[in-house]
Protein chains: 4
Amino acid sequence: MPAPDTATLLIHCPDRPGLVHDVTGFIFSHRGNIIDLQQHIDPAQDTFFMRLEWSLENFTLEQEEIEARLQPLARRHEMQMRLHFASRRKRVALFVTKENHCIYDLLARHEAGDLPVDIPLIIANHETLRPAAERFGIPFHHFPITKENKQAQEAAQIDLLKKERVDTVVLARYMQIISPAMIEAFPHQILNIHHSFLPAFVGAKPYHQAHARGVKIIGATSHYVTADLDEGPIIHQDVMRVSHEDSVQDLVRLGRDLEKTVLAKALWWHVRDQVLVYQNKTVVFE
Amino acid sequence: MPAPDTATLLIHCPDRPGLVHDVTGFIFSHRGNIIDLQQHIDPAQDTFFMRLEWSLENFTLEQEEIEARLQPLARRHEMQMRLHFASRRKRVALFVTKENHCIYDLLARHEAGDLPVDIPLIIANHETLRPAAERFGIPFHHFPITKENKQAQEAAQIDLLKKERVDTVVLARYMQIISPAMIEAFPHQILNIHHSFLPAFVGAKPYHQAHARGVKIIGATSHYVTADLDEGPIIHQDVMRVSHEDSVQDLVRLGRDLEKTVLAKALWWHVRDQVLVYQNKTVVFE
Amino acid sequence: MPAPDTATLLIHCPDRPGLVHDVTGFIFSHRGNIIDLQQHIDPAQDTFFMRLEWSLENFTLEQEEIEARLQPLARRHEMQMRLHFASRRKRVALFVTKENHCIYDLLARHEAGDLPVDIPLIIANHETLRPAAERFGIPFHHFPITKENKQAQEAAQIDLLKKERVDTVVLARYMQIISPAMIEAFPHQILNIHHSFLPAFVGAKPYHQAHARGVKIIGATSHYVTADLDEGPIIHQDVMRVSHEDSVQDLVRLGRDLEKTVLAKALWWHVRDQVLVYQNKTVVFE
Amino acid sequence: MPAPDTATLLIHCPDRPGLVHDVTGFIFSHRGNIIDLQQHIDPAQDTFFMRLEWSLENFTLEQEEIEARLQPLARRHEMQMRLHFASRRKRVALFVTKENHCIYDLLARHEAGDLPVDIPLIIANHETLRPAAERFGIPFHHFPITKENKQAQEAAQIDLLKKERVDTVVLARYMQIISPAMIEAFPHQILNIHHSFLPAFVGAKPYHQAHARGVKIIGATSHYVTADLDEGPIIHQDVMRVSHEDSVQDLVRLGRDLEKTVLAKALWWHVRDQVLVYQNKTVVFE
């Protein structure tokens with residue numbers, strides 16, 4: 001199934017009358033047909049958000065010229081704008097450590113055609129999952145991390161990611177803190193899966209914390225990585241019921257089902273350009 | 001809190017380029033500011049759906065003339081259109097039998113200001129809930145129903161509803177089948193709560209059926225009433241987990257929590273004009 | 001429906017072989033028939049927990065002598081023990097402020113026969129809900145609280161509760177911090193409903209905190225009140241999905257449905273003696 | 001991690017006083033320590049159910065003699081009894097067709113040590129998933145099925161399963177109806193995953209049926225296979241929310257996450273001997 005030939009525009013700007021009319025006028029005047037339009041107004045911030053996807057089938061502009069032609073409109077309304085094309089599949093790097101559930105889940109979706117991305121490489125700080133990567137024919141790069149080599153290894157990772165033209169980094173249970181250089185190189189393009197319902201139980205061993213507190217529900221949170229650990233914009237969360245019967249080990253085991261599905265869903269929205277970040281929160285146009 | 005002065009337009013029509021641009025042009029040209037716009041395209045039916053809510057604060061047309069002024073647009077695009085004003089609160093009649101959970105839930109929401117409607121009357125086929133109605137100061141009308149008097153009683157009910165200018169009828173666990181005359185008098189304006197996850201367990205005693213089948217989840221479904229019993233367009237559904245420990249009586253008791261919240265949510269969407277019916281299904285603009 | 005004539009025993013003690021055999025031997029030897037038996041072992045603490053409910057129909061001991069006759073068994077196994085009788089309905093006091101959703105929900109359940117307790121009184125720090133109490137015929141006591149009179153008013157409340165032989169206090173959205181004297185008077189018998197998924201968003205205005213953090217799920221938590229604010233043993237929690245579309249006011253409104261059902265469920269388990277507190281956590285025998 | 005050395009007893013029989021006492025007496029008298037005991041009484045059927053797991057560490061009977069030694073007890077109480085040992089891992093055969101999500105999910109769990117079984121073989125009616133099986137080193141047997149050869153092929157499958165000493169058959173999206181010979185060979189040991197909330201949408205293409213009906217929730221059901229298609233005892237069910245935005249293809253894609261987790265959970269309970277079948281329903285001792 002070839003990717004449908006569509007363009008997606010993500011916008012936010014100060015709210016004022018006529019915004020939808022103006023943007024749809026641009027599309028209509030070049031014979032685009034809107035497939036999906038969602039807008040949201042934050043009255044507290046007086047800010048307008050919109051996601052607009054349209055068919056390029058009869059569109060009279062070339063892909064290359066669309067952005068430039070949108071500029072007058074953007075300037076007029078002080079718009080922040082992102083433009084994406086479905087035909088340009090995102091290139092996604094998976095970062096892993098030892099746990100296999102997220103990586104297998106993503107690779108199985110990819111093989112089934114349910115994840116419209118390219119996965120040019122897997123990066124790991126342990127050798128454990130090399131066989132998993134090789135089974136699916138994805139190049140596996142081992143970057144062992146120590147306190148001493150961490151900075152150099154991350155620099156080498158960034159070089160490799162750039163060389164492979166990676167757009168999006170997915171921390172699929174990668175047990176290392178990402179340093180600022182990497183975050184700056186991929187702003188709001190690094191997705192993490194945290195194994196708790198954030199902001200409850202930040203930091204290490206959240207299932208141990210949850211067990212100690214005696215909660216009746218555990219959760220998982222996928223968020224963009226920012227400089228503040230576990231404080232980035234939340235993309236998706238889900239939970240499940242647990243009980244006094246469940247040991248910490250049970251929580252760890254049960255939680256894996258949450259982690260893999262929450263991460264996969266967040267990535268789905270991300271690669272389809274359904275997520276807009278604003279003031280450390282996300283607008284997810286489902 | 002006075003109802004905000006807004007207008008809401010619900011539209012469906014054949015899909016074609018320029019629809020959003022055209023409708024938003026109408027709003028913009030009369031100085032309306034869009035508060036919420038949601039559209040949906042059903043590619044299988046090639047049909048366009050939209051809900052548009054805009055502020056009337058600076059709008060240059062009077063409420064009375066908006067509909068007429070929209071006609072050329074509607075004709076041009078073969079649009080089915082409904083126009084509502086937030087300031088004209090819907091008038092809702094509650095139909096009940098003996099069970100109190102839905103009626104108390106709705107009356108408590110109403111008293112708390114969480115249900116923006118008028119409730120001019122409660123109709124019942126038993127006297128049981130008269131004290132409940134009187135406690136909240138709502139006129140209670142008892143229409144005992146027998147096989148012989150059913151047609152006449154329903155005719156009298158319709159007269160009463162018309163006299164009270166009722167828009168919406170809510171069957172809040174009303175244990176009588178509604179006849180065609182009533183359904184025709186209130187097309188897609190009668191909401192029912194069925195105590196199962198439809199289409200599983202239609203008809204009477206769904207909890208008994210669920211228990212006999214040994215399901216691990218029970219549900220409730222709110223739908224518009226149509227001529228086919230339990231077959232009307234579904235507005236909202238929710239479920240809860242049960243187990244072999246739960247007797248039929250437990251399911252009945254537990255299910256009440258589903259019934260009241262599912263019905264209240266469906267009614268919330270209905271009275272805010274967020275629901276559009278199309279080919280026996282609903283588009284719910286959440 | 002009269003309460004079934006059953007006894008319930010809640011036990012915890014160091015784990016060792018033969019505990020179930022020993023306790024069931026006591027029941028069997030006096031011709032009791034077990035209706036429900038649940039046990040739980042915490043291997044980390046090497047502790048045994050059990051809830052045992054049996055029919056008193058043919059039981060050969062009088063209610064009054066059971067506890068004494070269990071003592072040798074309890075001593076032998078160093079058991080902590082609580083004994084309850086279904087026929088002795090708990091007497092529950094509701095504490096409220098201004099919000100009506102929890103109180104109406106509990107009173108409607110009570111009227112429907114779904115809450116097997118007596119509710120001898122409602123205590124409030126505002127007059128707002130007096131009509132609600134009076135509609136259901138429950139005595140309403142207004143104790144206005146100021147910084148100056150708080151200690152005296154709470155002492156008067158305790159006197160009233162003792163006079164009315166209250167077992168259980170339910171803070172049904174009571175917007176006052178309970179002081180240590182009250183907590184000591186009703187150890188693990190005061191239930192609170194906190195309007196967040198604890199331990200996220202402790203303290204005041206949790207929906208504001210949730211909105212600011214941009215969470216995708218909100219929750220409610222019912223717990224026993226202890227000296228540490230919002231840190232008591234959690235009995236029940238539930239959550240619902242929200243989105244960027246929801247304002248703080250939407251979260252407040254939506255959250256009410258969680259609050260009332262979570263509190264009602266926790267109270268249901270409490271009054272049926274299904275909850276055992278241990279090391280600031282609960283064992284809930286569902 | 002070696003399987004803990006425990007025995008599990010599943011019992012049902014007519015309810016009468018002293019059952020728990022009698023069975024625990026047997027365990028205690030041979031120095032077994034109970035790890036988990038759950039019982040359930042169905043008052044409508046006057047039937048007693050119990051699952052009892054105990055440590056064999058100091059148990060004074062050999063595994064081989066336990067069953068015989070339990071016989072007098074079983075006869076006395078007319079018990080149906082099943083005895084399992086954690087150290088004897090179940091041997092599970094996976095049946096697949098073309099869809100990869102359930103098989104990858106189960107194989108990844110198995111590799112992670114989260115599924116305590118042996119998987120000696122995969123049987124398929126298409127070649128599609130041979131590479132998936134081979135990647136995980138599981139022998140893959142292709143049995144193409146036509147109307148003409150179906151009976152012979154199933155007979156060959158049964159021979160193979162017997163030769164491989166298979167206990168449990170998992171239909172992991174196997175798109176063939178199982179015939180009576182297979183069902184008789186593995187009574188209540190064949191698990192299926194049906195892609196709907198049964199009993200809604202039995203038979204083929206349930207997502208198409210769900211879409212046509214306009215439901216707001218889709219589900220998946222894992223059940224034991226019996227002679228009546230989609231009518232076997234339900235082990236586990238789960239659901240997710242969908243909307244008018246979701247096409248049939250979206251439902252198919254989204255539903256896969258339900259299917260794989262529901263099947264995995266049902267299998268988890270099955271292989272740990274937590275499921276007891278009774279009158280076409282299951283008692284699941286969670």
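UniProt positions are given here in the numbering used for this structure, with feature names shortened, and such annotations may be inferred rather than shown by experiment. With that in mind, the unreviewed UniProt entry places the annotation "domain: ACT" on residues 8-88 of chain A. Over residues 8-88 the chain is 32% helix and 40% strand, and the end C-alpha atoms lie 11 Å apart; helices (H or I, at least four residues) and strands (E, at least two) are DSSP runs numbered from the N terminus.

This is a predicted model, in which local features need pLDDT of at least 70 and side-chain atom pairs count only at pLDDT 80 or more, while totals for chains, interfaces and linings use all residues. Residues are numbered from 1 along each chain as its sequence is written, chains are lettered from A and ligands numbered from 1 in the order in which they are written, and side-chain values use heavy atoms, with hydrogens and water left out.

**Chain C and chain A**

Contact, meaning heavy atoms within 4.5 Å, involves 32 residues from chain C and 32 residues from chain A. The buried area between these two chains is about 2,700 Å², of which carbon and sulfur atoms give 56%; buried area is the accessible area (1.4 Å probe) that two parts lose on being put together, summed over both. On the side of chain C, Arg213(C), Lys216(C) and His244(C) lose the most area to chain A, together 26% of what that side buries.

Across this interface there are 20 residue pairs in polar contact, both residues being at pLDDT 80 or more. A polar contact is a pair of N or O atoms within 3.5 Å; within protein, one must be able to donate a hydrogen and the other to accept it, and residues adjacent in sequence count only if both atoms are side-chain atoms. Of the elements of chain C, β11(C) gives the most to the side that touches chain A, with seven residues.

**Chain A and chain D**

Here 20 residues of chain A are in contact with 20 residues of chain D, and the area buried is about 1,800 Å², with carbon and sulfur atoms giving 42%. The rule finds eight salt bridges across the interface of chain A and chain D, a salt bridge being a side-chain nitrogen of Lys or Arg within 4 Å of a carboxyl oxygen of Asp or Glu. There are also 13 residue pairs in polar contact, both at pLDDT 80 or more. The helix α8(A) gives the most to the side of chain A that touches chain D, with eight residues.

**Individual salt bridges**

The table lists some of the pairs.

| Pair | Closest N and O atoms |
|---|---|
| Arg213(A) and Glu231(C) | 3.9 Å |
| Asp114(A) and Arg256(D) | 2.5 Å |
| Arg135(A) and Glu111(D) | 2.6 Å |
| Arg256(C) and Glu99(C) | 3.0 Å |

Within chain C, Arg256(C) lies in helix α8 (residues 248-271) and Glu99(C) in the loop between β5 and α3 (101-111), so the pair ties together parts that are 157 residues apart in sequence. Arg256(C) is buried, with a relative accessible area of 17%, whereas Glu99(C) is partly exposed at 23%; buried means under 20% relative accessible area, exposed over 50%, and partly exposed in between (1.4 Å probe, protein chains only). A network of salt bridges links Glu99(A), Arg173(A), Arg256(A), Glu259(A) and Asp114(D).
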